[in-house]
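Reader: Can you walk me through this one? I'd like to start where the two chains meet.

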Amino acid sequence: MEPKKLFVERINALLGEESNIFFDYTKKLLKKIIRVNLLKISRQDLIEKLKNKGWEIQNTAYRDALEIKSKLLPGQLGKALEHHLGYYYIQELASMMPPLILEPKAGEIILDCCAAPGSKTTQIAMMMKNQGTIIANDVKIDRLKALVSNLERCGVMNTIVTRMNALTICKKLAKSGFFFDKILVDAPCSGEGTIRGDSTILKMWNINMIKRLSALQKKLISSAIECLKPQGTLVYSTCTLTPEENESVIDFALKNFNVRVEKIKLPLKTRPGIVKWQGQTFNEQVKNCHRIWPQDNNTEGFFIAKLRKIR
Amino acid sequence: MLEILKRNKRIEIENLLEKNYGIKIPFKYHLIKAGKDKIRIFTGNLPAQDLRIMNKLLTIDIIGMYFAFFKDQKLRLSFDSTTIFGKAAKNIIDLSDIEARKWLKGQDLDKDIGIRGYILLRYDSNILGCGKSTGKKILNFVPKERRIL
């Protein structure tokens, strides 16, 4: 499906001449990437098992992620015994970055506001070695089923799964004196970065949806900051590239809360957040945010920011 | 309703775990009753008191991981529990390639292993859940979502 005219214009405004390369990448198939689930198996043992199946494995920029180079049948990656046993999670490389920035540690209490289907929650639990506590929340019941199934398959034992509106859960927790060391807001978004894996995104894309989502994302980040401990970390991420859902949301948080955007390093090539968009000028700190463009690492597109609550 | 198992019940389960499977869990955890006979394991560091408060405050779907089915002094480990705790366990029966395929399809195995009761199944160093040996058969408990058809 061809992208809508306005979408093309906006990508042109963000990338200039390079937008052709972006659109070329949207037509390419995604790499087959898996994340080793260290809660169940070591990296080396999994590599050995997969090689014994005749699969060609290649390292990636992130140690726990592996690329399957072999040609597989459709669905073969998800039907493999090793997947059923929870030895790996099929996850795009860019989507593994938000938990890396969150740096969850054993013993911490962490809120994952919009957790389903669980790729990042299972990664966070793995990084915490099943110690500490994760509250994994999602509002949609069908997505929650996928979350629960993935948590069970991956052997995650330190998580409480809740089914609530993210704004409500944050409000209730803060009111009752429950504050978090770290919060992940992997916000619902227009999904521009996922066109390669799901072409229906192009069909659904429209500017009103972006405006609606931007308003929701601002509410989400506000509620999440309210239940973050002083000096706590909030990671905000989306799989979209539109500034209204990214830099504009971070700019809003900087204007309204005592937070700062921290500098971070990632194992992927990223570009800084943009400061000017359609007549708006954002706080200079948004330059510390990271834009992951599909053409830079042959991945999906992503946006990630790390906020620290000052008090 | 959230029911965290009391100390005496928990010790009973721990004893069965060690006696039947030779498993000792090496970290702190709560055991939580889920439904009539199901037990979940939660390794989170929240004290029981905070868990109870959260239970009143939030719409909790599940806590931790489904750990075991516990009825009539018998403990049947869940499929996912066995893949985590089963590697160093006792009472493990090795399966052939054909048997493993059958087992993962959810079928019982016609296999006389000389013992009765719950056992763990292994294929190529992978633990494939818990089965019940009747003497002539091994009854299958692989959950539908883990079956490979």
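Author: This is a predicted model.

Reader: Which strand of chain A pairs with β4(B), and in what sense?

Author: Strand β7 of chain A, residues 159-163, pairs with β4(B) in the antiparallel sense, over three bridges.

Reader: What holds paired strands together, in general?

Author: Strands of a sheet pair through backbone hydrogen bonds, and the pairing can be parallel or antiparallel.

Reader: How many residues does each chain put into the contact?

Author: Chain B gives 25 residues and chain A gives 29. On the chain B side, β3, α2 (48-57), β4 (60-63), β5 and α3 (79-85) each supply at least two residues. The largest share of that side, four residues, comes from β4(B).

Reader: And how do the residues on that side of chain B divide into nonpolar, polar and charged?

Author: The side of chain B that touches chain A has 14 nonpolar residues, seven polar and four charged.

Reader: New topic. What is chain B built from, in helices and strands?

Author: Chain B has four helices and eleven strands. The radius of gyration of chain B is 16 Å, close to the 15 Å that the globule rule gives for 149 residues, so chain B is as compact as a globular protein of that length.

Reader: What box do its C-alpha atoms fill?

Author: Along the principal axes, the C-alpha atoms of chain B fill a box of roughly 50 × 30 × 25 Å. Of the 149 residues of chain B, 37% count as buried.

Reader: Back to strands. In what order do the five strands of the open sheet in chain B run?

Author: The order is β1-β2-β3-β5-β6 in chain B, with antiparallel pairing. β1 (3-4) and β6 (74-77) of chain B stand at the edges with a single partner strand each, so one side of each has no neighbour in the sheet.

Reader: Which helix packs on that sheet?

Author: Helix α1 of chain B, residues 7-21, packs there and touches β2 (30-34), β3 (38-42), β5 and β6 of chain B. The direction of α1 makes about 70° with that of β6(B).

Reader: How many bridges join β5 and β6(B)?

Author: Four bridges, in the antiparallel sense, with β5 of chain B covering residues 65-71. As an example, B:Phe69 has B:Arg76 in β6(B) as its bridge partner.

Reader: Last one: what share of the contacts in chain B between residues at least 6 apart in sequence join residues at least 24 apart?

Author: That share is 60%.

Notes. Residues are numbered from 1 along each chain as its sequence is written. Chains are lettered from A and ligands numbered from 1 in the order in which they are written. This is a predicted model: local features need pLDDT of at least 70, side-chain atom pairs count only at pLDDT 80 or more; totals for chains, interfaces and linings use all residues. The radius of gyration is taken over C-alpha atoms; the globule rule is 2.2 Å times the number of residues to the power 0.38. A residue is buried if 20 or more other C-beta atoms lie within 10 Å of its own, exposed if 12 or fewer, and partly exposed in between; C-beta atoms are placed from the backbone. Two residues are in contact if their C-beta atoms, placed from the backbone, lie within 7 Å. Two strands pair if DSSP finds at least two bridges between them. Axes are lines fitted to C-alpha atoms, for helices over the stretch in contact, and angles run from 0 to 180 degrees between N-to-C directions. Ala, Val, Leu, Ile, Met, Phe, Trp, Tyr, Cys and Pro count as nonpolar, Asp, Glu, Lys and Arg as charged, and the others, Gly among them, as polar.
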